[in-house]
Amino acid sequence: MPLFRRPDGKRVRDVPPIRAIMPYLMRSRNESAVYHDSAYDVGATRAWLKAYNRAHPDRATLFHLFAWACARALHERPELNRFVSGGRLYQRNEVAFSFAVKPEFRDAAALVTVKLVCPPGEAFDAFVPRMTAAIEEARQAPRAVDREVALVMRLPGPLVRLGVALVRLLDAWNLLPGFFMKNDPMYASLFLANLGSAGVSDAYHHLYEYGTVSIFGALSAPARVPVVEEGGIGALEVLRVRWTFDERIHDAFYAARSLRVAQRIVEDPARWVGAPARSGPAEDAAAL
């Protein structure tokens, strides 16, 4: 029946009763939010990225590597790639992440949101130019979703509220068409915010009630932190990521093990992506 099928995911039916009742007890994402702080040692990562950029025409940043690592983690740990809609749990059909881009570093420049679908097995050196191209496209010209939103916002406020309410209702009853979700950045596996690049660090972000994003990762600017080493005090360059999860999609143990997949890739790209001069992945996914 149409009411029980979605174009973006399949219903998960083998759910323990205690998890199946969660969406009825905790009806919104932010009511179900769990916060987690991760710290990645990126000292060796910085050196690897410098070598990678000397060997490739498309420059990679720490954000490129982090996004690729998150996509791979979701492919390797697919049960984290889920969402709740209409009180039911769904397994997403694809891995996609969204992020915001500022066309210009000016106060008046509006943020533009980009959604990128990540196929399984995509090599890092293929992912980098594709992500870079998506960013440049968003900066240079308004996209279809931006034009559509601008058109909607010409309507009176009551009609906008009515339209949004209708979309939410159709979504909850699985009647929202696939084309409506395809390019909408709020219908994605996770949302990433490179807040450190904007001079904002150590911030958590809420989950969006609209759409299906169940995970939000806010990146701080890498910073050197003191550590106790044998023989004295040393320093590590650390990337802090503050996560917000919808706990209705899975338990903390599964989420923590999934996060470690991304962390291992970011901290040791030479092993998991490969030598800077060639494409990866270098290690078998099972080892993650």
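Author: A nonpolar core here is a set of buried Ala, Val, Leu, Ile, Met, Phe, Trp, Tyr and Cys residues joined through side-chain atoms within 4.5 Å. Keep in mind that this is a predicted model.

Reader: Fine. Which residues touch the most other members of the largest nonpolar core?

Author: Phe 66, Phe 97, Phe 124, Phe 127, Met 131 and Trp 243 do. That core holds 55 residues.

Reader: Where does the largest share of this core come from?

Author: From helix α4, residues 62–76. Helix α4 supplies 11 residues.

Reader: Take Phe 97. What is in contact with Phe 97, leaving aside neighbours within four places in sequence?

Author: Ala 67, Val 114, Lys 115, Leu 116, Cys 118, Phe 127, Met 131, Ala 188, Leu 190 and Leu 192.

Reader: Switching to charges. How many salt bridges are there?

Author: The count comes to 9. One of them joins the side chains of Arg 6 and Asp 171, at 2.8 Å from N to O.

Reader: Which parts does that pair tie together?

Author: Arg 6 lies in the segment before β1 (9–11), and Asp 171 is in helix α7 (residues 157–172), so the bridge connects parts 165 residues apart in sequence.

Reader: Are Arg 6 and Asp 171 buried or exposed?

Author: Both are buried.

Reader: What about Arg 240? Which residue does its side chain meet in a salt bridge?

Author: Asp 37, at 3.1 Å from N to O. This pair links distant parts of the chain too: Arg 240 sits in strand β10 (residues 232–246) and Asp 37 in strand β2 (residues 33–41), 203 residues apart.

Reader: How are they placed, buried or partly exposed?

Author: Arg 240 is partly exposed, with a relative accessible area of 30%. Asp 37 is partly exposed as well, at 28%.

Reader: Which residues are in the network with them?

Author: Asp 202 and Arg 242.

Reader: One more. What does Arg 130 pair with?

Author: Glu 122, with the closest N and O atoms 2.8 Å apart. Arg 130 is partly exposed, at 29% relative accessible area. Glu 122 has 16%. Buried means under 20%, so Glu 122 counts as buried.

Conventions. Residues numbered from 1 in each chain as written. Predicted model: local features only at pLDDT ≥ 70, side-chain atom pairs only at ≥ 80, totals over all residues. Heavy atoms only, no water. Buried < 20%, exposed > 50% of the residue type's maximum accessible area, 1.4 Å probe, protein only. Helix = DSSP H or I, 4+ residues; strand = E, 2+ residues; numbered from the N terminus. Contact = heavy atoms within 4.5 Å. Salt bridge = Lys/Arg side-chain N within 4 Å of Asp/Glu carboxyl O.
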